[in-house]
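Hi,

Here is the structure we talked about. Please open it and keep it in view while you read my notes.

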Amino acid sequence: MKLTLSVTLAATMLSLGNGLAIEQTGMTQFSRRSLLLLERQNVNQGRPIANGACCVPNTSKKQDVCQVNGVQGKCVPANTAGCGGALTCIQDSQLSCNDNVLENGRPLCRLTGPA
């Protein structure tokens, strides 16, 4: 069977479109790399590092390290992202922390200002 130019071109465009769709997950190469580095450092004692507004339900603990919008944060009870019963990943810059009070081995942090 001979492949016509239009069939070949259509197949090429389809494969390129699928490749682009895979890369449009919102993660930059830098954030993907930093997530892998955090996992290798075992910052959450073997628990996965959440990536997004919600931490991993029934797995993440308070003060676990996470990433939201490509920025490092912590899993805290904030109820601001519609996560249901899961903790919310809040950027470090939006947290106020008390170094004198530990929660799960890390300083106690909560969302700064009104939720």
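Below are notes on the strands, the core and the salt bridges.

First, the ground rules. This is a predicted model, in which local features need pLDDT of at least 70, side-chain atom pairs count only at pLDDT 80 or more, and totals for chains, interfaces and linings use all residues. Residues are numbered from 1 along each chain as its sequence is written, and side-chain values use heavy atoms, with hydrogens and water left out.

Strands

Helices (H or I, at least four residues) and strands (E, at least two) are DSSP runs, numbered from the N terminus. Two strands pair if DSSP finds at least two bridges between them. Four strands form an open sheet with mixed pairing, in the order β1-β2-β3-β4.

Core

The largest nonpolar core has seven residues: A50, C55, C66, V68, C75, L87 and C89. Such a core is a set of buried Ala, Val, Leu, Ile, Met, Phe, Trp, Tyr and Cys residues joined through side-chain atoms within 4.5 Å. Buried means under 20% relative accessible area, exposed over 50%, and partly exposed in between (1.4 Å probe, protein chains only). Leaving aside residues up to four places away in sequence, C75 has contacts (heavy atoms within 4.5 Å) that include C55, C66 and L87.

Salt bridges

The whole structure holds five salt bridges, each a side-chain nitrogen of Lys or Arg within 4 Å of a carboxyl oxygen of Asp or Glu. R47 bridges to D64, with the closest N and O atoms 2.7 Å apart. R47 is in the loop between α2 (29-40) and β1, and D64 is in the loop between β1 and β2, 17 residues apart. D64 is buried, at 1% relative accessibility.

E103 has two partners to look at. With K62, the closest N and O atoms are 3.9 Å apart. E103 lies in β5 and K62 in the loop between β1 and β2, so this pair ties together parts 41 residues apart in sequence. With R110, the closest N and O atoms are 3.1 Å apart. E103 is buried at 16%, while R110 is partly exposed at 28%. Finally, shared partners join R47, D64 and R106 into one salt-bridge network.

Best wishes
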